[in-house]
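Please keep the sequence and the structure in view while going through the points.

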Amino acid sequence: MARLAGVLLLLAGLGLAAATDYTTNGPCAMARVDKLVTVLPSSTGCRLNECLLKVIVTLPSGGDGCPAGPYPVVWFFSGFSSRAGFYSYLANRLASYGYAVVQYNPTALIITDAVETTFVAAIRTFLQGQPAGSPLDGKLDWSREATAGHSRGGKLAALQLAAAPAEFETAFLIDPIDNTMFSPEGPDYPSAVKALAALDPKKAFGLIGAGVPSACNPPEANYTGFWAEAAPGSWFEFIPGATHADFINIVPGANIPLPPVCGKGTTPAEEVQQLTATTMTAWFESFFRGASMLEFDAWILFKVEADVVGYEVKQ
Ligand SMILES: *[C@@H]1O[C@H](CO)[C@@H](O)[C@H](O)[C@H]1NC(C)=O
């Protein structure tokens, strides 16, 4: 009840401050640039078809109330064997609020973490070299970069953040998985949790954890290790009814259920994805633009009150 009273107080405050509803798309129209094919230099350590990448950028393209560019750049890393399009619901929401989201689809299925973490610098050079007049020309703000990702992509996002803390300001990790029995720690697969632990000062980031256990998110590699290394001010949203696979949208908009290899949840995947898109957008809006979180705070407190999520800000 105390929490509900807090919600009501927050709602009363809404009339007094500009607030934004991150559960729906923002003011920007969106454009997707998906014809960018690059061959990475062999200095990245890639071999043969590992070096061929398709890069996808989702970005704002005007609209009433859309912030002026250039836009903060969010690098989004897909989960193991997942395609960039499975996460376009997240890229769209972010772009609609004024972010440029960079994703890529490798041609090779298995690329080690050590090799894949060198891709970002090569892709950045490729994107910065797009000719004048291209759809990306002047749109990406290379002084404001963040990483994000799901599953192994969350691990890659954490590794990137830790490897270049001067370039990447923050991250948003969606049920990240550190080393498992399938990718034991070693030179090819460094531990992201250890990399975050070695950061001084530590970084603040947003984190989502799925509560349904399965072989996809083994306890020794799950979100808890990441949260332990988060700086004060970081957010943790725990979704007890979500499985590790609920963050994947295979056919955008259709929410085709996946075979339950990652367990069976009680929160519908649509809702898990909505919680994720909303919280991720709010995190970046709060971090990069200092936006009012009044309406977001009220929204999340209602979700907490309804036992849909747990929510914590690191002290
Ligand atoms: C995540 O790991 C922690 C610590 O090992 C454990 O308590 C928790 O149950 C795990 N969560 C899931 C979904 O397995």
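The numbered points below take up the basis of the model, then its disulfides, a helix and the ligand site.

1. This is a predicted model, in which local features need pLDDT of at least 70 and side-chain atom pairs count only at pLDDT 80 or more, while totals for chains, interfaces and linings use all residues. Residues are numbered from 1 along each chain as its sequence is written, and side-chain values use heavy atoms, with hydrogens and water left out.

2. The structure holds three disulfides, a disulfide being taken as a pair of cysteine sulfur atoms within 2.5 Å. With bonded cysteines counted along the chain, the disulfides of the protein chain follow the pattern 1-4, 2-3, 5-6.

3. Cys28 and Cys66 form a disulfide with their sulfur atoms 2.1 Å apart, and the torsion about this S-S bond is about 95°, so the disulfide is right-handed. Cys28 lies in the loop between helix H1 (2-14) and strand E1 (30-39), and Cys66 in the loop between strand E2 (52-60) and strand E3 (71-77), so the pair ties together parts that are 38 residues apart in sequence. Helices (H or I, at least four residues) and strands (E, at least two) are DSSP runs, numbered from the N terminus. Cys28 counts as buried at 5% relative accessibility, and Cys66 is buried with a relative accessible area of 15%; buried means under 20% relative accessible area, exposed over 50%, and partly exposed in between (1.4 Å probe, protein chains only).

4. A disulfide also joins Cys46 to Cys51, with an S to S distance of 2.2 Å. The torsion about the S-S bond of Cys46 and Cys51 is about 110°, so this disulfide is right-handed, and both Cys46 and Cys51 are buried.

5. Cys216 is joined to Cys262 by a disulfide (S to S 2.1 Å), and with -85° about the S-S bond this link is left-handed. Cys216 lies in the loop between strand E7 (206-210) and helix H7 (223-228), and Cys262 in the loop between strand E8 (235-239) and H8, so the pair ties together parts that are 46 residues apart in sequence. Cys216 is partly exposed, with a relative accessible area of 22%, whereas Cys262 counts as buried at 8% relative accessibility.

6. Helix H8 (residues 269-289) has 21 residues and reaches 29 Å from its first C-alpha to its last, close to the 30 Å expected at 1.5 Å a residue, where the expected span is 1.5 Å times one less than the number of residues. H8 is mostly covered, with 15 of its 21 residues buried, and just after H8 the residue Gly290 takes a positive phi of about 60°.

7. Which residues are around the ligand? They are Ala210, Gly211, Pro213, Pro219, Asn222, Tyr223 and Thr224, where a residue is near a molecule or strand if one of its heavy atoms lies within 4 Å of it. By class, this shell has four nonpolar, three polar and no charged residues, with Ala, Val, Leu, Ile, Met, Phe, Trp, Tyr, Cys and Pro counted as nonpolar, Asp, Glu, Lys and Arg as charged, and the others, Gly among them, as polar.

8. A polar side-chain atom of Asn222 lies 2.4 Å from an oxygen atom of the ligand, and a polar side-chain atom of Tyr223 lies 3.2 Å from a nitrogen atom of the ligand. The protein covers 60% of the 360 Å² of accessible area that the ligand has on its own, with accessible areas taken from the Shrake-Rupley method with a 1.4 Å probe.

Key:
A polar contact is a pair of N or O atoms within 3.5 Å; within protein, one must be able to donate a hydrogen and the other to accept it, and residues adjacent in sequence count only if both atoms are side-chain atoms.
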